[in-house]
Amino acid sequence: MRIPKFDRASKSLFVPVGSSAVAVTCRRGFFSAHSPGIMTKRVTVTRRLRFNAAHRVFNPQFSDSENEATFGKCNNPNWHGHNYTLDVSVEGPIDESTGYVIDLGKLGAIVEREVVDMVDHRNFNIDVPFMQSTIPTAENIVVAFWGILVPAVAPARLRRLVLWETENNYVEYSGD
Ligand code: NI
């Protein structure tokens, strides 16, 4: 790690981060720049992924007319599909040696492997084991994803999932 340089004239600490530099204002001199808080800020970072999947939204305990009345077009027995967008947010301290909370490329690869590869171009009702016996609404899908991703992204902390089912409709879950 390169040693930060303290500029006495401007009382700023310049820390090289990649090709750019971050200036940390320092009122009392060099050492106060290392006081707790300055380099341990917790930041939330987000990776966006996309997948396509089919489903039928219905309750097998309802009659046909109840399903039709409750779910409308989403109850189509011959399935329908969506182009989903998933925003995965994790929170953590900034690593001093990289300036990252987490490498977003690595986060994307984890989510791709653990979740997207399991559902992309598949049918939630019949192809996805963790969605069996669950009505595959966006609400239930995002909660199932949460359970898989919490351990998968550790030690980063999963902060929020946002699942877009259409341009107009999205659901959000933070583990509550
Ligand atoms: Ni649908």
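Why does Ile-102 count as buried? Select Ile-102 to begin: Ile-102 counts as buried because 20 C-beta neighbours lie inside 10 Å. A residue is called buried if 20 or more other C-beta atoms lie within 10 Å of its own, exposed if 12 or fewer, and partly exposed in between, with C-beta atoms placed from the backbone.

Two notes before moving on. Residues are numbered from 1 along each chain as its sequence is written. The model is predicted, and local features need pLDDT of at least 70, side-chain atom pairs count only at pLDDT 80 or more, and totals for chains, interfaces and linings use all residues.

**Around Ile-102**

Ile-102 sits in the loop between β5 and α2. Helices (H or I, at least four residues) and strands (E, at least two) are DSSP runs, numbered from the N terminus. Now show Val-45, Val-90, Gly-92, Leu-107 and Ala-156, which Ile-102 touches when residues up to four places away in sequence are not counted. Contact here requires C-beta atoms, placed from the backbone, within 7 Å. Val-90 is twelve residues from Ile-102 in sequence, and their C-alpha atoms are 8.2 Å apart.

**The whole chain**

Zoom out and colour by secondary structure. The chain has three helices and eight strands, in the order β-β-β-β-α-β-α-β-α-β-β from the N terminus. Of its 176 residues, 17% are buried.

**The sheet**

Select the open sheet of five strands, whose order is β6-β4-β5-β7-β8 with mixed pairing. Strands pair if DSSP finds at least two bridges between them. At the edges are β6 and β8 (170-173), each pairing on one side only.

Next select β4 (residues 42-55) with β5: they pair in the antiparallel sense over 14 bridges. Val-43, for example, has Gly-92 in β5 as its bridge partner. On to β6 (residues 122-123), which runs parallel to β4 and is joined to it by two bridges. There Ala-53 is partnered by Arg-122, and Ala-54 by Asn-123.

**Helix α2**

α2 packs on this sheet, touching β4, β5 and β6, and its direction makes about 25° with that of β4. Axes are lines fitted to C-alpha atoms, for helices over the stretch in contact, and angles run from 0 to 180 degrees between N-to-C directions.

Centre on Glu-112, where α2 bends by about 45°; the bend is the angle between axes fitted to the seven residues ending at a residue and the seven starting there. Then show Leu-107, Val-111, Val-115 and Val-119, the buried residues of α2. An α-helix has 3.6 residues a turn, so residues three or four places apart point the same way. The cover over these buried residues includes β4, β5, β6 and α3. Just after the helix, His-121 takes a positive phi of about 60°.

α3 itself lies across β5, β7 and β8, at about 150° to β7.

Finish on Val-88. Apart from neighbours within four places in sequence, Val-88 is in contact with Thr-46, Arg-47, Leu-49, Leu-107, Val-111, Leu-149 and Leu-161.

Definitions and conventions: Two residues are in contact if their C-beta atoms, placed from the backbone, lie within 7 Å.
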